Amino acid sequence: MRKNTRTLRLVAAAMTLILVMTAFVGCSAVITDPVVAKVGDVEIKYSTFYNAFSTYAQYGIIDTSTAITAQEGRDMIMDMLVDSAVPVAQAKANGITLTAEEAEAVKADAVADMEGYLDTYMDDTIEDEAERKAEAIKDFDAAYKAAGYTYEGLLAEMEKEYTDNAIGQKLLDELYATIAEPTDEEIQARYDEELASDIETYTANPSQYHSDNTYYAYYGNLRPLQAPEGLYYVKHILIKNAETAGEEDAERDYEALAKEVMDKVNAGEDFEALIKEYNEDPGMESNPEGYIIGADFTGIYDEPFQLAAAELTKEGDVSGMVEGANGIHIIKRYGEVSTEPVALDEVKEEIKTMILSELQNELYTAKIAEWREGLDVVTYDKRVQYVGVNQ
């Protein structure tokens with residue numbers, strides 16, 4: 001579905017800012033940090049490339065199993081990082097600078113982030129704050145001496161990177177300001193399109209509703225607009241087994257505890273009160289209505305939990321003690337998931353934001369290609385030719 005489309009370019013934009021803060025992590029074997037690409041007068045360092053490649057490989061976006069796929073991954077990362085540097089280089093070429101206030105804000109952000117790394121080295125037994133920080137910096141410098149880094153050097157590098165990113169973002173903000181906001185008619189048309197798409201998708205595959213609903217809970221964007229028939233909520237009480245319980249509970253008789261809870265449920269005690277008292281699943285707190293269940297869901301929940309929940313045929317039904325991978329579940333069926341469409345007024349701002357984001361992405365893509373053509377771009381591919389080898 002359109003609302004879940006994610007391009008590598010968008011991931012790259014977020015990744016670049018993260019890599020600025022983690023350039024010295026995971027690359028300590030590299031004593032020098034050579035430039036691997038230049039975009040105008042913006043330099044891309046080996047550490048940034050290395051960490052981007054490693055992160056993408058870790059999450060399976062890059063396949064390092066063959067020389068060919070590893071090379072394709074290196075090419076992708078190089079292209080991604082060059083694109084991310086283009087707005088900065090173009091902003092500098094355009095003479096864009098930060099105001100004194102903006103520069104101070106950027107510097108404060110860099111200091112705050114570096115001090116966050118420094119917290120690991122803080123000795124709380126030192127009462128004087130200045131002395132405590134000075135000692136932490138000494139320990140930090142000692143830890144990264146072999147990699148050729150110092151706290152002050154990294155702070156200066158971070159301030160520069162943050163400043164460059166702020167200048168590039170200032171150019172992009174000026175660009176995006178030229179985009180007209182969508183009209184009510186355009187928002188209505190997009191709502192109708194998304195609603196029709198949801199109905200078609202979820203009717204064919206009800207479990208996709210659960211996936212999209214979970215995605216929305218974590219990342220926002222646009223919520224699912226209409227649930228399919230036949231979905232309902234369940235809540236459960238989980239008593240963790242020895243493998244999943246904390247160390248203090250590893251030796252307890254979790255089966256006996258689960259039976260105690262089951263007896264209370266069978267005796268008619270309030271299920272909500274028992275959840276508060278006994279449940280050991282923290283996920284229940286972020287799902288106050290309960291977990292969404294469909295009879296044909298597969299691969300979403302632990303299978304014993306899913307099968308038992310699917311057997312609850314009406315509201316108020318309660319399972320027996322269900323042994324799963326994490327422990328014993330006692331599951332109760334609650335109300336059905338509403339099949340009424342979400343009203344336009346409830347999602348108008350979400351749709352407006354989505355349309356604007358798509359327009360920005362289209363404009364961004366076009367301008368990056370245009371700006372890149374006008375900038376001097378040099379890549380030193382031989383300097384990264386072994387990244388991903390035996391990774």
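First, the ground rules. This is a predicted model, so local features need pLDDT of at least 70 and side-chain atom pairs count only at pLDDT 80 or more, while totals for chains, interfaces and linings use all residues. Residues are numbered from 1 along each chain as its sequence is written, and side-chain values use heavy atoms, with hydrogens and water left out.

Start with the cores. By nonpolar core I mean a set of buried Ala, Val, Leu, Ile, Met, Phe, Trp, Tyr and Cys residues joined through side-chain atoms within 4.5 Å. Buried is under 20% relative accessible area, exposed is over 50%, and partly exposed is in between, with a 1.4 Å probe and protein chains only. The largest such core has 52 residues, and Val39, Ile44, Phe49 and Ile77 have the most contacts inside it. Among the elements that give it two or more residues are β1 (35-39), β2 (42-45), α3 (67-93), α6 (151-176) and α12 (344-374). Helices and strands here are DSSP runs, H or I of at least four residues and E of at least two, numbered from the N terminus. As background, nonpolar side chains tend to be buried together in soluble globular proteins.

Contact, from here on, is heavy atoms within 4.5 Å. Leaving out residues up to four places away in sequence, valine 39 touches Ile44, Val82, Ala85, Val86, Ala89, Leu375, Asp376 and Val377.

Which residues does aspartate 376 contact in turn? Beyond its neighbours within four places in sequence, they are Lys38, Val39 and Gly40. Aspartate 376 is in the loop between α12 and β7 (377-379), and with 55% relative accessibility it counts as exposed. Its C-alpha is 39 Å from that of isoleucine 137, at a sequence separation of 239 residues.

Axes are lines fitted to C-alpha atoms, for helices over the stretch in contact, with angles from 0 to 180 degrees between N-to-C directions. The axes of α3 and α6 come within 8 Å and cross at roughly 80 degrees. Therefore α3 is roughly perpendicular to α6; that label covers 65 to 115 degrees, with under 35 roughly parallel, over 145 roughly antiparallel and the rest oblique. Pro87, Val88, Gln90, Ala91 and Lys92 are the α3 side of the contact, and the α6 side includes Asp164, Ile167 and Leu171.

For α3 and α12, the axes come within 10 Å and again cross at roughly 80 degrees, so α3 is roughly perpendicular to α12. Here α3 uses residues including Asp79, Val82 and Val86, and α12 uses Tyr364, Ile368, Trp371 and Arg372.

Next, the rings. Rings of Phe, Tyr and Trp (its six-membered ring) pair if their centres lie within 6.5 Å; planes under 30 degrees apart are stacked, over 60 edge-to-face, and the rest tilted. The whole structure has 10 aromatic pairs. One of them, phenylalanine 140 with tyrosine 144, is tilted, at 4.9 Å between centres and 40 degrees between planes. Both phenylalanine 140 and tyrosine 144 are buried. Tyrosine 202 and tyrosine 209 pair edge-to-face, at 5.4 Å and 90 degrees, and both are buried. Tyr121, Phe140, Tyr144 and Tyr151 form one aromatic cluster.

Glutamate 289 is exposed at 52% relative accessible area, and its C-alpha is 8.4 Å from that of tyrosine 334.

Last, a backbone point. Most residues other than glycine have a negative phi. Asparagine 221 has a positive phi of about 80 degrees. Asparagine 221 is in the loop between α8 (207-219) and β3 (232-240), and is partly exposed at 27% relative accessibility.
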